[in-house]
Amino acid sequence: MRHGLNVPGIPSIGGRKGLWLPSSSGGGSGPGPTLLPLHSRIVYFGDSITANRGFPGYADWTQYLTRGRLFGRAIGSNGLGPTGWNQGVVGNITDQLLARISNVIAESPKVVVVKVGTNDIGANGRTVGQITPNLRSIYDQLIAAGAKVVACTVIPCVPFTTQQEATRVALNAWIMSQTDVTVVDTASAITNPATQLQADGKHPNGAGAQLMAALVAPKVASLVVSTDILYAPPTAPAENLFANPFFAGGTTTATSWTFFQNSNGLTKAASKTTLDGNDAQKIVMSGVATANSADNLSQNITPAGGLAGDQFEAWMEVLVNKCTGITGIALAAGTNTSGFTAMSILAQDATTLTVPFRGVLRAPPSALVANGGTLNPRLSFLPALGATVDAEFVITRAGYRKVPATQ
């Protein structure tokens with residue numbers, strides 16, 4: 001674990017430097033003073049760096065660090081490519097983004113984060129003059145569709161030749177010169193490829209994704225009028241279906257909540273604590289994991305009049321103080337009939353991450369496939385088999401609601 005990531009505008013936790021956005025994040029370069037409302041739709045559009053390559057990437061981390069401000073529809077497919085909030089596709093070049101841009105526009109997004117260019121330069125050997133018309137067309141079509149575009153630069157790629165690296169630098173200069181989109185120099189986040197990229201030298205590891213998101217998240221958050229999605233204690237609006245969303249009461253586990261512990265060889269302890277003066281749930285895990293089975297903090301919910309096709313989503317504020325040996329912390333809106341769609345952070349390389357970090361996990365919605373029934377949203381903590389675990393999580397301010405049809 002690393003401590004003390006220096007992110008401008010991000011405050012400290014208990015005197016230690018942490019990673020999260022303050023309640024009022026500063027804006028950056030970009031167009032227009034008009035701010036978007038809370039719950040505006042977002043799509044991340046790009047190649048495998050956006051698609052996450054098997055574990056949480058910069059897009060997941062950005063959603064977490066923007067404190068749930070933006071709504072993302074569950075990822076699916078229409079036969080032409082992915083739909084929903086993450087539309088990254090392995091190996092894509094700018095031509096392919098143009099070919100499937102209708103998928104993005106069909107989501108009616110208000111924000112689209114565009115991260116592409118590595119494969120144009122590397123696998124296809126294109127010049128800046130061949131890439132920029134495509135990028136400009138992507139930006140223009142998204143703007144014309146009513147979206148605010150967040151344009152990211154191309155991160156370093158170890159296998160690039162000297163000429164390809166020169167193309168990357170020139171392309172990034174062009175991206176940063178665009179004045180009608182919000183630009184983010186994500187390339188500047190990767191200062192040490194040996195520790196911030198995966199073994200292939202192309203894709204960010206957990207640390208790289210976290211660092212990229214620390215740059216993207218403030219820019220995305222600055223486009224939205226609200227500071228976060230969270231309800232303010234002591235009361236929540238009627239739309240919140242969680243009983244005891246602020247984790248009050250109880251001695252070890254808050255009233256109405258269940259901490260389900262699997263047989264994974266770990267010592268686990270649930271206790272009550274506070275965060276910013278509010279009630280909170282604390283989970284501590286230690287020992288050597290004998291199975292990679294998750295422990296879950298959950299609650300059963302039976303919504304009145306739940307009908308097939310109704311969409312439900314969940315969110316929770318989560319502070320991670322330690323996460324050694326944990327390969328995933330994931331929030332699922334999870335109905336008992338349609339399976340689970342989850343928003344996750346952490347990865348196999350959790351030891352590379354800067355701690356503590358704090359944000360809001362907002363799970364993509366799950367749909368009921370039958371009338372009625374009980375829902376089981378859950379926050380899961382997954383250890384790595386054989387790992388020595390030393391983890392501590394603090395959870396507060398939970399939300400669970402039926403997604404409005406107009407969202």
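**View 1. The crossing of helices α6 and α7 in this predicted model is right-handed.** Helix α6 spans residues 128-144, and its axis and that of α7 come within 10 Å of each other and cross at roughly 30°. On the α6 side the residues of the contact are V128, I131, T132, L135, R136 and Y139, and they meet T167, A170, L171, W174 and I175 on the α7 side. By kind, the residues of this contact divide into eight nonpolar, two polar and one charged.

**View 2. Residue A166 has its place in helix α7, which covers residues 162-176.** Although A166 and I121 are 45 residues apart in sequence, their C-alpha atoms are 10.0 Å apart in space.

**View 3. Five strands form an open sheet with antiparallel pairing, in the order β11-β12-β19-β14-β17.** The edge strands, each of which pairs on one side only, are β11 (267-275) and β17 (357-367). On average, and with direction ignored, neighbouring strands of this sheet are turned by 30° against each other.

**View 4. Within the sheet, strand β12 pairs with strand β19 in the antiparallel sense.** Strand β12 consists of residues 278-288 and strand β19 of residues 388-402, and their pairing extends over eight bridges. For V284, the bridge partner in β19 is E392. In general, strands of a sheet pair through backbone hydrogen bonds, either parallel or antiparallel.

**View 5. Helix α2 lies across strands β14 and β17.** This helix comprises residues 58-65, while β14 comprises 311-324, and α2 runs at about 105° to β17.

Note on methods: Residues numbered from 1 in each chain as written. Predicted model: local features only at pLDDT ≥ 70, side-chain atom pairs only at ≥ 80, totals over all residues. Heavy atoms only, no water. Helix = DSSP H or I, 4+ residues; strand = E, 2+ residues; numbered from the N terminus. Axes fitted to C-alpha atoms, helices over the stretch in contact; angles between N-to-C directions. Left-handed = near helix turned anticlockwise from the far one by under 90°. Contact = heavy atoms within 4.5 Å. Nonpolar A, V, L, I, M, F, W, Y, C, P; charged D, E, K, R; others polar. Pairing = 2+ DSSP bridges.
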